[in-house]
Amino acid sequence: MFNILKAKVEPEEGVGTLIMELSGKEKDYRKGIEYLKNVGVKIQPLEKDIKRDEKKCTHCSACIVHCPTGALHIKDRKTMKVEFDKEKCIACGACIPACPYGAMSLEF
Amino acid sequence: MRIIKAKSYLNTNNRKKAKMKKTYEEINKKIKNKEAVVLTAEEFIELVDKKGIKKATKEVDVVTTATFGPMCSSGAFINLGHTNPKMKIKKAWLNDVPAYAGLAAVDIYIGATEIQENDAGNTNRKGSFKYGGGHVIQDLIAGKDIKLRAESYGTDCYPRKRIEKWINIKEINEAYLCNPRNCYQNYNIAVNKSKKTIYTYMGILKPNMGNATYCSAGQLSPLLKDPYYKTIGIGTKVWIGGTHGYVYWYGTQHNPFIKRNKKGCPIGGAGTLALIGNLKEMNPEYIRGTSMYGYGATLTLGIGIPIPILSEETTKYAALKDEDLEAPIVDYSYDYPNCKTKTLGTKNYKELKSGIIEINGKEVPTASLSSYPKAREIAKILKKEISKAKFLLNKPIEKLPLRKKR
C-alpha cells in the first residue's frame, strides 16, 4: 500500500520527486524498491519525526490528552512527568499546537 | 477546712503551651542560625499524617508552597533611559510587540498577552500566537537583544520623534515584573460540551467533553494552603522567576467571598496576589513566553511562597491534601463565555491527577496547564534557600481582604 505525501515535477530539469509512505510485508517492500532502482528511480529513505525539545518542555501535561496513541503520557502519577515513547508515535502532529511552549516539532 | 474547688495550673500551662503561637521573629532567628526546620508542602502533609497536628506544629517552622503555570495578568515596567536628543515616547514596540508608553517619557509597560503588530490573530484561521509580550519578557531576561521602535510627537524639551535601536537588559535602567493578578487561589476545570473543538486559554478542548483541563498545583499551591490568608499578605516576600520579590497588593479579581468546602477550600477562583520582582535577577527557566493555540500569547511564571508554621491552625491548612481541595467543572463552549454560573459538579485534585474523571457517567481524560513537577522543583529550591538562611520571612504589612472589595 502506498500514500503519496508530496509530488513535484520539474519539467525544465527533467526530474520529479515523490515523497511516499509505503507499507506492507518486508519481502514485497524490498521487491518493489529493487524494481524502482532497476528502472532508474533514485530512492532515499526519509524519516518523519516528532521531536521534543527537553529544555522547552515543562511537563505540564497539556499534550497527553491530544496524543492518539499514548506516546505522550504520564507513566508515574507520583512524579507527574510526561514521558515520550517514540515507538508509539505516529507523527500525526496533534501535540504541536497543544504544547504551550513550542516544545514539540515535526521534522522531515 | 472544706475544699470547694481545686484546679491544677500545671495542666493549664501545658495546654496553653501547646496552643502557643510562634512568631515571625522567632522563626527568622532560627533561620539565621540555620536551625529552622523547613519542609515542602508535600513533605509536611506526610509528617502531619505520621505525627499529627500538635507535633508537626512544634517541630516544623516553615512550609514551602509553589506553582508554575500561565498567569496572564502579568507584565513588566521598563525604564529605557534617555536617547540623545531626548524623546517623549508616545508609542513603542519591542520586537514588534506593542508596549504601553503612556507614562512619563521613557517608561513603558510590556504586557504578557500583547501580540505582535502584524499578527492576524484568529482573523483568517486559528492563530499560533508564537510571539507576544511574554516571549519578549523571556528574551529580555535571557539577555537577548530586543528591537525597540518608538515614535513621538516631539516637544521642545524632548525633540526626538523616532527611534529604532537594539536594547539589552544589561543596558536599560530599571526593569521589574509588576503583575496585577498571579497565583489564583484555585481555578476551574474546563470542558467543552459542544460538538466542535474549541480553543481557549485552558487549552484545546475536544467536543462532547473529550477532555478536561485544570490549572493548579493543588496541594503545593500557595493560597490553597493558606485559604484564609493568615500568613500570606501584602508585603509577604516571595520567590518569583528565580529571584525574590513581594506581594504588593491583593490581585485584581481577588474574591474571597466564594463558596468553600468543609476544609475551607474555595470552590473556584478566589484570592489572587499582585506580585513584583526585579526582571534583571530572573531566570528564563522559571519564566516562559507561552502560546495558547487559537487563543493568544501569555507568560508562565514559577512562584514559591513560604508559610510560617505559627500555630496549629496554620498547620491544619498547610497540611491540606489534593483530596481536600476541589474545583468546579465548567463548560467553556457556552456557559463560561455567556457568564452562566452553573457548573457540572466538582472534582478534587487527587481525582484530576489520576488522569481520568467521571462527568455525568462519561469517563473524561484530564490534563493540567500548570506543571506539578516544576512546582515541586520550586518548593524544593525555596526550602533550600530558607535552610541556608538566604531567604527570611516577612510578616505581612496588611492582610489580604477577606471580604469582597468594592
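Strand 2 of chain A contributes the most to the nonpolar patch, giving three residues. The model shown in these views is predicted.

**View 1. Nonpolar surface patch on chain A.** Phe2(A), Ile4(A), Leu18(A), Met20(A), Leu22(A) and Tyr29(A) make up a nonpolar surface patch of about 600 Å². Two elements of chain A, strand 1 (2-10) and strand 2 (15-22), each supply two or more residues to the nonpolar patch. Of the two, strand 2 gives the most, with three residues. Ile4(A) is one of the patch residues and belongs to strand 1 of chain A. The relative accessible area of Ile4(A) is 44%, so this residue is classed as partly exposed, a class that runs between the limits of 20% and 50%.

**View 2. Domains of chain A.** Chain A is assigned a domain 1 covering 2-43 and a domain 2 covering 47-106. Taken over C-alpha atoms, the centres of domain 1 of chain A and domain 2 of chain A are separated by 31 Å.

**View 3. Ala91(A), a residue with positive phi.** Ala91(A) is not a glycine, yet its phi is positive, at about 55°. In chain A, Ala91(A) sits in the loop that runs between strand 5 (82-84) and helix 2 (95-98). Ala91(A) counts as buried because its relative accessible area is 9%, and the limit for buried is under 20%.

**View 4. Positive surface patch on chain B.** Four lysines, Lys34(B), Lys384(B), Lys388(B) and Lys390(B), form a positive surface patch. Lys384(B) is part of helix 7 of chain B, which spans residues 372-387. With a relative accessible area of 53%, Lys384(B) is exposed, since that class starts at values over 50%.

View 5. The peptide bond that joins Asn84(B) and Pro85(B) is cis, with omega at about 0°. Pro85(B) is located in the loop between strand 3 (75-79) and strand 4 (91-94) of chain B.

**View 6. Asp96(B), a residue with positive phi.** Asp96(B) is a residue other than glycine with a positive phi, near 70°. The loop that holds Asp96(B) lies between strand 4 and strand 5 (97-103) of chain B. Asp96(B) has a relative accessible area of 22% and is therefore partly exposed.

Notes
Residues are numbered from 1 along each chain as its sequence is written. Chains are lettered from A and ligands numbered from 1 in the order in which they are written. This is a predicted model: local features need pLDDT of at least 70, side-chain atom pairs count only at pLDDT 80 or more; totals for chains, interfaces and linings use all residues. Side-chain values use heavy atoms; hydrogens and water are left out. Domain bounds come from an automatic or database domain assignment. Patches are made of residues with over 30% relative accessible area and no salt bridge: like charges are joined within 9 Å, nonpolar side chains (Val, Leu, Ile, Met, Phe, Trp, Tyr) within 5 Å. Accessible areas come from the Shrake-Rupley method with a 1.4 Å probe; for residues, only the protein chains shown count as cover. A salt bridge is a side-chain nitrogen of Lys or Arg within 4 Å of a carboxyl oxygen of Asp or Glu. Lys and Arg count as positive and Asp and Glu as negative; His and the chain ends are not counted. The place of a charge is taken as NZ of Lys, CZ of Arg, CG of Asp or CD of Glu. Helices (H or I, at least four residues) and strands (E, at least two) are DSSP runs, numbered from the N terminus. Buried means under 20% relative accessible area, exposed over 50%, partly exposed in between (1.4 Å probe, protein chains only).
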